[in-house]
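Please keep the sequence and the model in view while reading the points below.

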Amino acid sequence: MAEIHTLELGTMHNYVHLIIDRSSLSVAVVDPAWEVDKISTFCTAEGLKISAILLTHGHHDHINGVERLQQESGATVYLSRLEADHFGLNDKGWNSFEAPFQLQLGESEIVGVATPGHTPGGSCYHVDGNLITGDTLFVFGCGRCDLEGGDPRAMYHSLHRLLGEFAPETRVFPGHSYSTQATSTLAEERAGNPFLHCKSEAEFVEYRMLRHDQERSAPYGPVPRS
Ligand SMILES: [Fe+2]
């Protein structure tokens, strides 16, 4: 069973998640950024080799450590083709995929699913009951949709896709520390995430684009269903 080790790095409350397969002593690092030396130091101390780098999306605060970590480790970098195209990342020698994406890490299978909304080619990664959600799903929140390439309608469908595709006990590992707790489950999100309480796409778009930021501020806690 893969385990997840999380580092909170940088000035923007980013979470960098390490998917660790102890059977093969191999690691896939999701969204390496900021203090890359802390990622390397942890892996060296644990006797782990970084074999893959997975990107949830192309924003700078999630990818500013990719090239350094790739050079240090020799790991293969993966991101969705849509995202590589959108952010002009095709000349970096990174591997782009059409979701759904599958990668074997020792005994564990990592699956990447398309979750557009925050960006056009955003991806979430599932492994052994854990879901790494980038800036798609936060604990009791979700990513902005008003940045370049964002689409709140796509985000509505991406969030509901995650709820439909994965079991309620699936553990959620978001891309930022914006909440009163570091992780949650999809069941906790369904119950307490106000974005998942919207009853229609139109209600979601209005809440995400207008009302949410007026009504709530971080750190975000659970909101009971009304
Ligand atoms: Fe982002």
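In which sense do E3 and E4 pair, and over how many bridges? E3 and E4 pair in the parallel sense, and five bridges join them. The model is predicted: local features need pLDDT of at least 70 and side-chain atom pairs count only at pLDDT 80 or more, while totals for chains, interfaces and linings use all residues. Residues are numbered from 1 along each chain as its sequence is written, and side-chain values use heavy atoms, with hydrogens and water left out.

**The sheet**

- Six strands form an open sheet with mixed pairing, in the order E1-E2-E3-E4-E5-E6. Helices (H or I, at least four residues) and strands (E, at least two) are DSSP runs numbered from the N terminus, and two strands pair if DSSP finds at least two bridges between them.
- Strand E1 (3-9) and strand E6 (95-97) stand at the edges with a single partner strand each, so one side of each has no neighbour in the sheet.
- From one strand to the next, the twist averages 25 degrees. Axes are lines fitted to C-alpha atoms, for helices over the stretch in contact, and angles run from 0 to 180 degrees between N-to-C directions.

- The chain passes from E3 through helix H1 (residues 36-46) to E4 in a right-handed β-α-β crossover. Right-handed means that, with the strands pointing away from the viewer, the path from the first strand over the helix to the second runs clockwise.
- E4 and E5 run parallel and are joined by three bridges; Ala52 stands opposite Thr76 in E5.
- Strand E5 (residues 76-80) also pairs with E6 in the parallel sense, over three bridges. Here the bridge partner of Tyr78 is Asn95 in E6.
- Helix H3 (residues 66-73) packs on the sheet and touches strand E3 (26-30), strand E4 (49-54) and E5, where contact means heavy atoms within 4.5 Å. The direction of H3 makes about 150 degrees with that of E4.

**The iron site**

- His57 (NE2), His59 (ND1), His118 (NE2) and Asp135 (OD) coordinate the iron ion at 2.2 to 2.3 Å. Donors are N, O and S atoms within 2.8 Å of the metal (3.2 Å for Na, K and Ca); water is not among the atoms, so sites may look incomplete.
- Along the chain, the donors follow the spacing H-x1-H-x58-H-x16-D.
- Buried means under 20% relative accessible area, exposed over 50% and partly exposed in between (1.4 Å probe, protein chains only).

**Backbone features**

- The peptide bond from Ala99 to Pro100 is cis, with omega near 0 degrees, and Pro100 is found in the loop between E6 and strand E7 (101-105).
- A cis peptide bond, with omega near 0 degrees, also runs from Ala218 to Pro219; Pro219 lies in the segment after helix H7 (201-215).
- Trp34, in the loop between E3 and H1, has a positive phi near 65 degrees and is partly exposed, with a relative accessible area of 25%.
- Phe140, in the loop between E11 and strand E12 (141-142), has a positive phi near 60 degrees and is buried, with a relative accessible area of 2%.
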